[in-house]
Amino acid sequence: MSTDDELVLLATCSAFPDGDEDSAELLDAFQAQGIEARWVVWDDRHVDWSQHLVVVRSTWDYTQRRQEFLSWTRSVPRLANRADVIAWSSDKVYLRELAQAGVPTVPTAWVAPGERTDFPQDAEYVIKPSVGAGSRGTGRFRPEDALLATAHVEVLHSAGQTVLVQPYLDEIDASGETALIYIDGRFSHAVTKGAMLEPGVVNAIADRSLFVEERISPREPSDIELGIGNGIVDMLTKRFGTLLYTRVDLLPGPDGPMLVELELAEPSLFLTHGPGSADLLAVAAARLI
């Protein structure tokens, strides 16, 4: 049996009390390091978070009460990834900062509550909330869908959300989205996520599901994709230090891959698609204990 000093708490949400799809591999990997790992719901007030390393994993309900979640992260003495990293990365306005730094990023218009929204007149586009996970609240619209798009923006604005308006990149229908997973600052593995948006449809934000079902398969990333991912991780390391995990999501654009999202808070890491990746995560976490 592990001692108290060899216990890691894996933070999840009440909808997934036993963790995500990586749970079995991750628990086995920690055990192989002589460490006991337990899944614990992040807003369980009976948990003492002060004594152990806490690794944020499937806390996917945080988008519905982000400020409460951020307050919790700041209260945890040993958290991976850290509270400041989670605060920065859990609002997609960070994309503007990365674009200004030269990262190839999906072109984005930012519309805060009270501001006017202009929609593309000659191409499909995507509307999403700046705080969101699992594609919930994201919709794909055609030029003739302006009324539906306006209604969706009003819903997001009424909830206090800044809205992102982005072009829909047709290349994703054939090539899918690439997710690059980094562990302890180093590239581990990659997957392809199939297109999830249908024209004229908004992924529900009022139902009880916390994410849209994804079609995942292993992927061998291109040199260009790896170059973008490695460059982003280098930037993050200079700013925050080495992170336990990072996921870089790229979309295929007409002129090459572009960053659509950076996942540093609670991303699925698709460890079952990366042989040995669970062990890498457990070893890296062990060094933080």
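The legends below describe close-up views of a predicted model. Local features need pLDDT of at least 70 and side-chain atom pairs count only at pLDDT 80 or more, while totals for chains, interfaces and linings use all residues. Residues are numbered from 1 along each chain as its sequence is written, and side-chain values use heavy atoms, with hydrogens and water left out.

**View 1. The four-stranded open sheet.** Its strand order is S2-S1-S3-S4, with parallel pairing; strands (E, at least two residues) and helices (H or I, at least four) are DSSP runs numbered from the N terminus, and two strands pair if DSSP finds at least two bridges between them. Strand S2 (36-41) and strand S4 (79-80) are the edge strands, each pairing on one side only. Strand S1 (residues 7-12) is joined to strand S3 (residues 53-58) by 5 bridges in the parallel sense. Leu9 stands opposite Val54 in S3. Helix H2 (residues 66-75) packs on this sheet and touches S1, S3 and S4. The direction of H2 makes about 155° with that of S3; axes are lines fitted to C-alpha atoms, for helices over the stretch in contact, and angles run from 0 to 180 degrees between N-to-C directions.

**View 2. Helix H1 and Ser23.** H1 lies across S1 and S2, at about 140° to S2. Ser23 is found in H1 (residues 23-32). With a relative accessibility of 10%, Ser23 counts as buried, where buried means under 20% relative accessible area, exposed over 50% and partly exposed in between (1.4 Å probe, protein chains only). Leaving aside neighbours within four places in sequence, Ser23 is in contact (heavy atoms within 4.5 Å) with Asp18 and Trp39.

View 3. Arg66, Phe69, Leu70, Trp72 and Thr73 are the buried residues of H2. Seen down the axis of H2, they fall within an arc of 155°, so they line one face of the helix; the arc is that of the directions from the helix axis to the C-beta atoms. Gln67 and Arg74, on the other side of H2, are exposed. The buried residues of H2 pack against S1, S3, S4 and H3. The largest nonpolar core has 43 residues, and Phe30 and Trp72 have the most contacts inside it; such a core is a set of buried Ala, Val, Leu, Ile, Met, Phe, Trp, Tyr and Cys residues joined through side-chain atoms within 4.5 Å. A second, separate core of 22 residues includes Val103, Leu180, Ala190 and Leu243.

**View 4. The five-stranded open sheet.** The strands are ordered S12-S10-S9-S13-S14, with antiparallel pairing. Strand S12 (216-218) and S14 stand at the edges with a single partner strand each, so one side of each has no neighbour in the sheet. S13 and S14 run antiparallel and are joined by 7 bridges. Asp249 stands opposite Glu261 in S14. H7 packs on the sheet, touching S9, strand S10 (186-193), S13 and S14.

**View 5. Helix H7.** H7 (residues 223-240) has 18 residues and reaches 25 Å from its first C-alpha to its last, close to the 26 Å expected at 1.5 Å a residue; the expected span is 1.5 Å times one less than the number of residues. Glu225, Ile228, Gly229, Ile232, Val233, Leu236 and Phe240 are buried in H7. These buried residues fall within an arc of 130° down the axis of H7, so they line one face of the helix. Asp223, Ile224 and Lys238 are exposed on the other side of H7. Just after H7, Gly241 takes a positive phi of about 85°.
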